[in-house]
Amino acid sequence: MKIARFVPLAEPASPARFGVLEEGLLRELSGGLFDPPAFTGRRFGLADVRLLAPVMPRHIIGIGKNFTAPGEPKPPEPDMPILFFKPLGTVIGPGDPIMLPNGANRVKFESEVAVVIGRTARRIRPEDADGVIFGCTVANDVSALDLFHPEGHWTIGKACDTFCPLGPVIDTAFDWRSARIRASVNGVPKQDGAMADIIMPIDRLIACISGFMTLMPGDVILTGTPAGADWVGAGDVVTCAVDGLGELTNPVAAPA
Ligand SMILES: O=C(O)/C=C/C(=O)CC(=O)CC(=O)O
């Protein structure tokens, strides 16, 4: 199932709801993301809705430096990956503007597979990790490198408002093991990477993270970006894509 969260354009003040994407139409669901699917009978064309981020997570956990460049030897898997958190104010949906923060001149897009957790998960073994994944979506782990702390931590540069576009859908049947991750800026291809180049794969990321914190339904793990992430500036339009999951396009806006 491919599940989107949306508001009908004709009912802009109405609450967000979920729908299953089938043959180009959204079949509206009556319940929440994790409820057994029950349909209201209403269908919406994609042109008639505003798509939102498909999930509002409690925790967003990011992973840094988790892909080798093509042709590079794969380093040994670390005991614990480079890990950071993004606050909830970073989450935006398809089409929403990425707002550049004041004083940031080195801002990058990073196209990634985002894993959405489906149930409370603590101390999960890698071989059980698929059982706690609800589905996958596309993420842009936007990063302001000039806001990284000079002594090492990435907290501020990863945490700016609007720095985590998610969407367009959560695919509950997606096979992350064969994912192909792409990105373009203003239509110019920038990233084209394969999950084969990941250093710590998603099952072991879930084992590592759930070893020290309880993952909750809806939590999102940004699993790292392949080579080719590049700078963006005001006026650019960035599209992150994962084959089979769809395209996530956001304009980049100057500081407000
Ligand atoms: O430390 C640096 O020079 C750069 C770090 C980044 O660009 C952050 C990042 O998330 C990159 C990555 O995941 O590979």
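Reader: Which residue stands opposite V107 in β18?

Author: That would be V232. Keep in mind that this is a predicted model. V107 belongs to strand β10, residues 107-108, which pairs with β18 in the antiparallel sense over two bridges.

Reader: Nice. What is the strand order in the open sheet that β10 and β18 belong to?

Author: The order is β13-β10-β18, three strands with antiparallel pairing. β13 (143-144) and β18 (231-232) are the edge strands; each has a single partner strand, so one side of each has no neighbour in the sheet.

Reader: And how do strands in a sheet hold on to each other in general, what kind of bonds?

Author: They pair through backbone hydrogen bonds, in either a parallel or an antiparallel way.

Reader: Okay, what about the open sheet with five strands, what is its order?

Author: There the order reads β9-β20-β19-β15-β16, and the pairing is mixed. Its edges are β9 (98-99) and β16 (188-194), and since each has a single partner strand, one side of each is left without a neighbour in the sheet.

Reader: How many bridges join β15 to β16?

Author: Six, with β15 covering residues 180-185 and the two strands running antiparallel. As one example, I181 has G193 in β16 as its bridge partner.

Reader: Which polar side-chain atoms lie how far from a ligand oxygen, say for E110 and K158?

Author: For E110, a polar side-chain atom is 3.2 Å from an oxygen atom of the ligand. For K158, the corresponding distance to a ligand oxygen is 2.6 Å. K65 contributes through its backbone instead, with an N or O atom 3.0 Å from an oxygen of the ligand.

Reader: How much of the ligand's accessible area does the protein cover?

Author: The protein covers 75% of the 370 Å² that the ligand has on its own.

Reader: Last topic, domains. What does UniProt list for residues 60-252?

Author: The unreviewed UniProt entry gives "Fumarylacetoacetase-like C-terminal" for that span. In the model, residues 60-252 are 7% helix and 37% strand, with end C-alpha atoms 21 Å apart.

Reader: And which domain is listed for residues 1-54?

Author: UniProt lists "Rv2993c-like N-terminal" there, also from an unreviewed entry. Residues 1-54 are 0% helix and 54% strand, and their end C-alpha atoms are 13 Å apart.

Conventions: Residues are numbered from 1 along each chain as its sequence is written. This is a predicted model: local features need pLDDT of at least 70, side-chain atom pairs count only at pLDDT 80 or more; totals for chains, interfaces and linings use all residues. Side-chain values use heavy atoms; hydrogens and water are left out. UniProt positions are given in the numbering used here, feature names are shortened, and annotations may be inferred rather than shown by experiment. Helices (H or I, at least four residues) and strands (E, at least two) are DSSP runs, numbered from the N terminus. Two strands pair if DSSP finds at least two bridges between them. A polar contact is a pair of N or O atoms within 3.5 Å; within protein, one must be able to donate a hydrogen and the other to accept it, and residues adjacent in sequence count only if both atoms are side-chain atoms. Accessible areas come from the Shrake-Rupley method with a 1.4 Å probe; for residues, only the protein chains shown count as cover.
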